[in-house]
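Here is a short briefing to read alongside your structure. Please keep the 3D view open as you go.

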Amino acid sequence: MTLKNLSQCMEHAQRDHFTSFGGFTRDYRKYREEGWMLQFMTINNFIEEYQGFIGEGCEYLTTLDKQNDTSYEVYLLVDTSETVKHTMNSDMRKKYRKCGKERRLRLDQKYNYESNIFNRIHGFIIVQHAPGLSNDKTLAINVICSSNYTPIKGIGKYMMNSIINFSKSVGYKNIVLEVGSDVIEYYEEESEEEEEEEEEEESEEEMSEDEYTDAESDDYEIDVEQIAADVSDMIADELWKKSVRHRNNVPYYSFGSVYVCSILEAILTNDKQKDPLPDIVKDEENGYGGYYYHKSKRASKQLIEYYQSFGFKEDPSVHKILKCFSELPFPSFRLQLQ
């Protein structure tokens, strides 16, 4: 029940001025004058609210049991304003007016609410209840990210403050996270996925005509599963694009869209199957504290300092003993809630 209680607190944050973004921002007058109305939504509620703008088939997802019994949840910080139309700042609006048609279309996909409903998302948090071998009083922050295209300052800090304060209020004792980076490649994960896809294709080719007939007899169930997969892939790609950052004018991402897609699909289909525990590597090169660990830590220095400002402290046991995340040796942190 702890995660469900947390979701209620997050979605009700807007109702109280002191827990809303309006109560958090330093410039409340500007926030109100601009017309912003930021509030947290779970992924299921976002799809239900904006199903007509996301894509065909979403109505089938919203008719399913909306109960999320998985260990995951995705909180989106959404602008629900009816007057705001885009996320462009003044400089970007000037460029938009001067550029050509093709350039405008590309900018609309990144900033305009009507062209892309996902532009209403200014930040998001992906959490997991009791990850790995941890207990029911532990919450993992798998991803926390403000949109690269939001003009509103303080999104990341507000989301972190909210998840810390509400987690504490509903009974969590620990929050854990790992600081990912793009310096450790995901080749093994991708190759395994490709192998699974090839095996699925081969199995489909080997199906007899009778088996196809049996499968087609249950069209509704098959369609819903495919819709959930397609919607998950679409949303994961949008969230991944919003997470882009630049290092020396080179874009980089701290997580993969495939990872987010798997979590979204589990939530949308209410798949309660537990994730397998990672096989922790202990050698000097690939293990925690090894070459790639230090390489990742150096690349994430600024982000690590940011998390430390909230009270997070590095704790190798989160990775090595509790196995809260993957086998990749990213620096792991814990925040003990008093």
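The notes below cover model confidence, nonpolar cores, aromatic pairs and charges over rings.

This is a predicted model, so to speak of local features a pLDDT of at least 70 is needed, side-chain atom pairs count only at pLDDT 80 or more, and totals for chains, interfaces and linings use all residues. Residues are numbered from 1 along each chain as its sequence is written, and side-chain values use heavy atoms, with hydrogens and water left out.

**Confidence**

- The protein chain has a mean pLDDT (the predictor's confidence in each residue, from 0 to 100) of 88, and 87% of its residues reach 70 or more.
- Residues 186–198 stay under 50 in pLDDT, and the model gives them six contacts (heavy atoms within 4.5 Å) beyond four places in sequence.
- Residues 215–222 also stay under 50, with four contacts beyond four places in sequence.

**Nonpolar cores**

- A nonpolar core is a set of buried Ala, Val, Leu, Ile, Met, Phe, Trp, Tyr and Cys residues joined through side-chain atoms within 4.5 Å; buried means under 20% relative accessible area, with a 1.4 Å probe and protein chains only.
- The largest nonpolar core has 38 residues, and Leu6, Ile125, Ile163 and Phe312 have the most contacts inside it.
- Helix H9 (residues 155–169) gives the most to this core, with seven residues; helices here are DSSP runs of H or I, at least four residues, numbered from the N terminus.
- Leaving aside residues up to four places away in sequence, Phe312 touches Ile141, Met160, Ile164, Ile175, Leu177, Tyr307, Phe333, Arg334 and Leu335.
- A second, separate core of 33 residues includes Ile47, Cys58, Leu61 and Leu268.

**Aromatic pairs**

- A search of the whole structure finds 15 aromatic pairs; rings of Phe, Tyr and Trp (its six-membered ring) pair if their centres lie within 6.5 Å, and planes under 30 degrees apart count as stacked, over 60 as edge-to-face and the rest as tilted.
- Phe46 and Tyr50 make a tilted pair, because their ring centres are 5.2 Å apart and their planes stand at 50°.
- Phe46 counts as buried at 0% relative accessibility, and Tyr50 is buried at 8%.
- Tyr288 and Tyr293 form another tilted pair, 4.6 Å centre to centre with 40° between the planes, and both residues are buried.
- One aromatic cluster is formed by Phe21, Phe24, Tyr31, Phe40 and Tyr158.

**Charges over rings**

- A charge sits over a ring if NZ of Lys or CZ of Arg is within 6 Å of the ring centre and within 35 degrees of the ring normal.
- The charged end of Arg104 sits over the ring of Tyr96, 4.9 Å from its centre.
- Over the ring of Tyr252 sits the charged end of Arg247, 4.0 Å from the ring centre.

Definitions and conventions. Buried means under 20% relative accessible area, exposed over 50%, partly exposed in between (1.4 Å probe, protein chains only). Helices (H or I, at least four residues) and strands (E, at least two) are DSSP runs, numbered from the N terminus.
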